[in-house]
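Please view the sequence and the structure below before reading on.

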Amino acid sequence: MELENLSLSIAATQQGNLKLLHEWLKVHAAEEAVVLTKFLYRCQKDIRQLYRIYECLWKQEEEVCALDEGYEFHVSPERIWLCARGEEVAHTAQEWKRIIGKGISFLEELLPLGSVVELQKEVLEEKMPALKGAGKAVLVITERYLSLTGHSYFPYAGVPYPTGTFDGTSRMLFSPALIKAVLHTGYQEEQEQAYQYRMKREYLLEKDMDMCGFETAEERKEIQRIMEEQHGR
């Protein structure tokens, strides 16, 4: 991939990601694209706000997420809406999941290769009982942007620290929500920012893929099937 002409500063990349998100919203939520872009932009400084909203949507719990400068997100069994400085935007739960998931995927910066992270072991144990009783789940990020189906992608793949892997069987695919702590940040420069921008444009905007964790239930089942087949080889 040619990156020489894609070098962008971090600030420019953040604005570029916001522009990509706005382009997606103009297609999928045309009438409210400007309001939604402003709302998601205000959450960019603390992306945890969007994760909190997404969790409320999944649990379908009644809650009001108060944001700064007159923005409130309301979740109730009867109706889900955004109050943006007196203007209301309402969508179904499924539509909001897609919008919030895309907002996180476009705006959250990914860690560079070589970063070392500790994953949420309690979450992993639910899917991998063999991990119970083991120590911390610490991985080195070795790959990014991996798609198993063509409809969704994993932002990260990593191998256990400090052992690594020799045959590929220890590689784990995961998303940012599974990260408990960042223990070390890998090397990065302007080309890293350019690469992230390029991949987000291709995967999220042009191919309209979902980051794993925000995929549909059907897509999740397909991913699980493929991973089980690969593991059984």
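## Aromatic pairs

A search of the whole structure, which is a predicted model, finds 10 aromatic pairs. One of them joins Tyr51 and Phe214 in a tilted arrangement, with 6.3 Å from centre to centre and 35 degrees between the planes. Tyr51 belongs to helix H3 (residues 48-59), while Phe214 is in the loop between strand E10 (210-211) and helix H7 (217-231), so this pair ties together parts that are 163 residues apart in sequence.

Phe214 also pairs with Tyr54, this time edge-to-face, at 4.8 Å centre to centre and with 80 degrees between the planes. Because Tyr54 lies in helix H3 and Phe214 in the loop between E10 and H7, the pair links parts that are 160 residues apart in sequence. Both partners are buried: Phe214 has a relative accessible area of 11%, and Tyr54 has one of 7%. Together, Tyr51, Tyr54, Trp58 and Phe214 form one aromatic cluster.

## Charges over rings

Trp58, a member of that cluster, has the charged end of Lys97 over its ring, 3.7 Å from the centre.

Met211 is part of strand E10. Is this residue buried or exposed? Met211 is buried, with a relative accessible area of 3%.

Not counting residues up to four places away in sequence, Met211 touches Tyr51, Ile104, Ser105, Tyr153, Pro155, Ser175 and Pro176. Among these is Tyr51, which also takes part in the tilted pair with Phe214. Computed along the chain in residues, Met211 and Gly101 are 110 apart, yet their C-alpha atoms are 7.8 Å apart in space.

## Helix H4

Helix H4 covers residues 93-107; at 1.5 Å a residue, its 15 residues should span 21 Å, and the end C-alpha atoms are 21 Å apart, which agrees. The helix is mostly covered, with 11 of its 15 residues buried. The buried residues of H4 include Trp96, Lys97, Ile100, Gly101 and Ile104. Of these, Lys97 has its charged end over the ring of Trp58, and Ile104 is touched by Met211.

## Nonpolar cores

In soluble globular proteins, nonpolar side chains tend to be buried together. Here the largest nonpolar core has 56 residues, and those with the most contacts inside it are Phe39, Phe73, Leu82, Trp96 and Ile100. Leaving aside neighbours within four places in sequence, Phe39 is in contact with Leu50, Ile53, Leu67, Tyr71, Phe73, Leu82 and Ile100. Another core, of six residues, lies apart from the largest one; Leu146, Leu173, Cys212 and Ile223 are among its members.

## Confidence of the model

The average pLDDT of the chain is 85, and 86% of the residues score at least 70.

Where pLDDT is low, the predicted coordinates should not be read in detail.

Note on methods
Residues are numbered from 1 along each chain as its sequence is written. Side-chain values use heavy atoms; hydrogens and water are left out. Rings of Phe, Tyr and Trp (its six-membered ring) pair if their centres lie within 6.5 Å; planes under 30 degrees apart count as stacked, over 60 as edge-to-face and the rest as tilted. Helices (H or I, at least four residues) and strands (E, at least two) are DSSP runs, numbered from the N terminus. Buried means under 20% relative accessible area, exposed over 50%, partly exposed in between (1.4 Å probe, protein chains only). A charge sits over a ring if NZ of Lys or CZ of Arg is within 6 Å of the ring centre and within 35 degrees of the ring normal. Contact means heavy atoms within 4.5 Å. The expected span of a helix is 1.5 Å times one less than its number of residues. A nonpolar core is a set of buried Ala, Val, Leu, Ile, Met, Phe, Trp, Tyr and Cys residues joined through side-chain atoms within 4.5 Å. pLDDT is the predictor's confidence in each residue, from 0 to 100.
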